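This report is meant for a reader who is opening the structure for the first time. Please keep the sequence and the 3D view at hand while reading.

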Amino acid sequence: MDTSKKKLTTVQLRSMKSGQQKIAMVTAYDYPTAKAAETAGADLILVGDSLGMVVLGYETTLPVTVEDIIHHTKAVKRGAPNTFIVSDMPFLSAHISVSETIRNAGRMIQEGTADAVKVEGGREMLEEIKALIRANIPVMGHIGLTPQAVNQLGGYRLQGKDVESAKRIFEDALLLEQAGCFAIVLELVPTPLATLISEQVSIPTIGIGAGGGCDGQVLVMHDLLGITHQYMPRFVKPYAKLHDTIVEALRTYNQEVRDNTFPGPEHQFGMKEEVLDDLKKELGL
Ligand code: KIV
């Protein structure tokens, strides 16, 4: 096991905020992406339910199950054993009852080996969030655009544009802090609102489409690397164009197989001539 990197704690994350040290979080869903994230020095890894869209090919995050999250979290942990891993509580896994919420989150921690869970929603989720924290499960909140509510919200739209909705998001942030969340994701809200919240809460805010006033940022790995090739939201900065690189490599491979330039001599294994001759004799060829 590589011990060169030390896993951050929730206490250290809070000190990073007070020391004005920005927190870099990225999603990962499998062994190689997690290994790359840890090697690059990510502070936090999120096994987001975005995996449903960017890895499993669903239209939304709604079909993702607790089993999916556990399966992918285990792989992420094998790739990034020294990074703090937050796993998303998927659609309905924190809504049926408090006991079912604790059981689902407990499985994500015990079987999936996540270090913490993320729960979408504000005041309406306080009972479940408080129960998780009482059960010693660290919780990251998530307000603003909550993708599991996409059908209720009418699409992936900027939230908190008017006074009433901005006030609700602001109040939700304070309630999540009071409930004991160790951090809050602010998704797709105006920069001034996210900045105001970040100034008023003592726990770190992690923004996605919420501007530079947050205490940290999170991006979906496949967007950041340009593996996602369809629609790319404005708040994403693609740092690479891996989709194009992958397609180009696969095209070249197909071509080289077809014209028999792959495998080349350097990719093949020979055989002693006398062994081949004896073999042919044995076979009567
Ligand atoms: O599922 C996810 O990747 C997320 C981030 C977008 C915050 O929730």
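## About the model

This is a predicted model, in which local features need pLDDT of at least 70 and side-chain atom pairs count only at pLDDT 80 or more, while totals for chains, interfaces and linings use all residues. Residues are numbered from 1 along each chain as its sequence is written, and side-chain values use heavy atoms, with hydrogens and water left out.

## The nonpolar cores

A nonpolar core is here a set of buried Ala, Val, Leu, Ile, Met, Phe, Trp, Tyr and Cys residues joined through side-chain atoms within 4.5 Å; buried means under 20% relative accessible area, exposed over 50%, and partly exposed in between, with a 1.4 Å probe and protein chains only. The largest such core has 36 residues, and those that touch the most other members are Met89, Val117, Val119, Ile129, Leu132 and Leu186. At least two residues of this core come from each of α4 (66-79), α5 (98-110), β4 (116-120), α6 (126-134), β5 (139-144), α8 (163-179), β6 (183-187) and α9 (191-200), and α8 gives the largest share, five residues. These element names follow DSSP runs, numbered from the N terminus, with helices (H or I) of at least four residues and strands (E) of at least two.

Apart from this core lies another one of 31 residues, including Leu13, Ala28, Met140 and Val218. Val119, a member of the largest core, is in contact (heavy atoms within 4.5 Å) with Met89, Ala94, Met125, Ile129, Leu132, Val139, Met140, Gly141 and His142, once its neighbours within four places in sequence are left aside.

## Salt bridges

A salt bridge is counted where a side-chain nitrogen of Lys or Arg lies within 4 Å of a carboxyl oxygen of Asp or Glu, and by this rule there are 10 salt bridges. One of them joins Lys17 and Asp215, whose closest N and O atoms are 2.7 Å apart. This pair links distant parts of the chain, since Lys17 sits in helix α1 (residues 10-18) and Asp215 in the loop between β7 (205-208) and β8 (216-219), 198 residues apart. Lys17 is buried, at a relative accessible area of 13%, and Asp215 is buried as well, at 12%.

Arg123 and Glu171 also meet through their side chains in a salt bridge, at 3.1 Å from N to O. Because Arg123 lies in the loop between β4 and α6 and Glu171 in helix α8, this pair ties together parts that are 48 residues apart in sequence. Arg123 is partly exposed at 28% relative accessibility, and Glu171 is partly exposed at 28%. A further salt bridge brings together the side chains of Glu248 and Arg251, at 3.8 Å from N to O; these two residues are three apart in helix α11 (residues 242-258), so about one helical turn separates them. Glu248 is partly exposed at 43%, whereas Arg251 counts as exposed at 52%. Salt bridges that share partners join Arg123, Lys167, Glu171 and Asp172 into one network.

## Aromatic pairs

Rings of Phe, Tyr and Trp (its six-membered ring) pair if their centres lie within 6.5 Å, and planes under 30 degrees apart count as stacked, over 60 as edge-to-face and the rest as tilted. The whole structure holds two aromatic pairs. The rings of Phe84 and Phe182 have centres 5.7 Å apart and planes at 70 degrees, so this pair is edge-to-face. Phe84 in strand β3 (residues 84-88) and Phe182 in the loop between α8 and β6 are 98 residues apart, and the pair thus links distant parts of the chain. Both Phe84 and Phe182 are buried.

## A surface patch and two leucines

Met271, Val275, Leu276, Leu279, Leu283 and Leu285 make a nonpolar surface patch of about 590 Å². Such patches are made of residues with over 30% relative accessible area and no salt bridge, nonpolar side chains (Val, Leu, Ile, Met, Phe, Trp, Tyr) being joined within 5 Å and like charges within 9 Å; accessible areas come from the Shrake-Rupley method with a 1.4 Å probe, and for residues only the protein chains shown count as cover. Leu285 is found in the segment after α12 (273-283) and is exposed, with a relative accessible area of 75%.

Leu56, in the loop between α3 (51-54) and α4, is partly exposed at 35% relative accessibility. Leaving out residues up to four places away in sequence, Leu56 touches Leu51, Asp68 and His72. Leu193 in helix α9 is buried, with a relative accessible area of 8%, and touches Gly160, Ala166, Ile169 and Phe170, again not counting residues up to four places away in sequence.
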